[in-house]
Amino acid sequence: MGIFIQSVEGVFVILGMIIVGYCLARAGWFDEKSSKLIARLVTQIALPCYMLDTIMTDFTTKELKQILPDLKFPVVSMLILFGISVAVARVLQIRKSRRGLFESMFFNSNTVFIGLPINMALFGSKSLPYVLVYYMANTTFFWTLGVYLIKRDGDSTENFNLWTTVKKVFSPPLLGFMVAVILVILHIKLPTFLMSDFKYIGGLTIPLSMFFIGIAIEGAGLRQMKISRYSLGILFGRFLLAPILMSLLVIPSGMPLLMKQVFILQSAMPVMTNAPVVAKLYGADADYAALMVTESTILSLVVIPILMTLIKQ
């Protein structure tokens, strides 16, 4: 019971910030431009600084060298989930205009805007490298296979641009992580004033991420949520199948317990917040994607304490 209460408290920390973002959006503080600005501040400024500060402060060369080979676990998990998503889409008779979007949302998870704050609230800064290892696999799959699947649904003439995809994969958060790892391995110390700047700016990551989620939920509209085979299939993949599959992969392995817990938790995060943006770009069903982001994000606040109780037994 103590584990469950701790997990609930961690989720309440996150939920409180989401509610603030939601209420401010309802009060008219934010518009679509504000939401985009917050997303850019998080992904391009705050999160890279957060990576540099945490990795360079809390981790050694030996620790970092030990965790990078375990990237294979999220890669294998996502490949299997993709294969299952194709079968599930056909069993549920998902219409062709939504099938690629369904498959993309089925095997990709929200590792930054929800996954990072949840893990930090529950496990602290020691979980960050494990979160980022999962993020490396997740972001690569989303901006390659995931985007291709969404584009296949749409009616847009926008071409699949390889260079744009490469830039998305090697995003500022991933580059911040890579630079931090290189500096730690080479035993390079940055000036104290610069590390202080990284710390202060990086501190914006979690609250701004939660404000963004609150704004997104308000924009999607809670009244539009409904249960259908389109939503049940995604929720089944995100919250049941993905953590079970990851558990089967990591529990027999020799990786640290915390890494196992983080990988399982990351696999069960809600739908990627980028899915509606990409769907809109390529003329796919952006409303369906936005609805699934909202439904899965709200449900994750119930699922996470239960999952945490199970994996900490």
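Student: Which residues are linked in a network of salt bridges?
Tutor: This is a predicted model: local features need pLDDT of at least 70, side-chain atom pairs count only at pLDDT 80 or more, and totals for chains, interfaces and linings use all residues. Numbering runs from 1 along each chain as its sequence is written, and side-chain values use heavy atoms, without hydrogens or water. A salt bridge needs a side-chain nitrogen of Lys or Arg within 4 Å of a carboxyl oxygen of Asp or Glu. The network joins Arg90, Glu103 and Arg152.

Student: How many salt bridges are there by this rule?
Tutor: Side chains of opposite charge can pair when their charged atoms come close. By this rule, the count is five.

Student: How many residues apart in sequence are arginine 95 and aspartate 285?
Tutor: Their side chains meet in a salt bridge, 3.8 Å from N to O. Arginine 95 is in the loop between helix 4 and helix 5, aspartate 285 in the loop between helix 14 and helix 15. Helices are DSSP runs (H or I, at least four residues), numbered from the N terminus. So the pair ties together parts whose separation in sequence is 190 residues.

Student: Is arginine 98 buried or exposed?
Tutor: Arginine 98 forms a salt bridge with aspartate 285, with the closest N and O atoms 2.7 Å apart. Buried means under 20% relative accessible area, exposed over 50%, partly exposed in between (1.4 Å probe, protein chains only). Arginine 98 has a relative accessible area of 15%, so it is buried.

Student: Over which ring does the charged end of arginine 98 sit?
Tutor: The test is CZ of Arg, or NZ of Lys, within 6 Å of the ring centre and within 35 degrees of the ring normal. For arginine 98 the distance to the centre is 4.4 Å. The ring belongs to tyrosine 288.

Student: How many of the 12 residues of helix 5 are buried?
Tutor: The buried residues include Arg98, Glu103 and Phe107. Helix 5 is mostly covered, and its buried residues number 10.

Student: What is the angle between the planes of phenylalanine 107 and phenylalanine 141?
Tutor: Rings of Phe, Tyr and Trp (its six-membered ring) pair if their centres lie within 6.5 Å; planes under 30 degrees apart count as stacked, over 60 as edge-to-face and the rest as tilted. The structure holds five aromatic pairs. This one is edge-to-face, with centres 6.3 Å apart and a plane angle of 85 degrees.

Student: Which helix holds phenylalanine 141?
Tutor: The pair links distant parts of the chain, 34 residues apart. Phenylalanine 107 lies in helix 5, phenylalanine 141 in helix 7.

Conventions:
Helix = DSSP H or I, 4+ residues; strand = E, 2+ residues; numbered from the N terminus.
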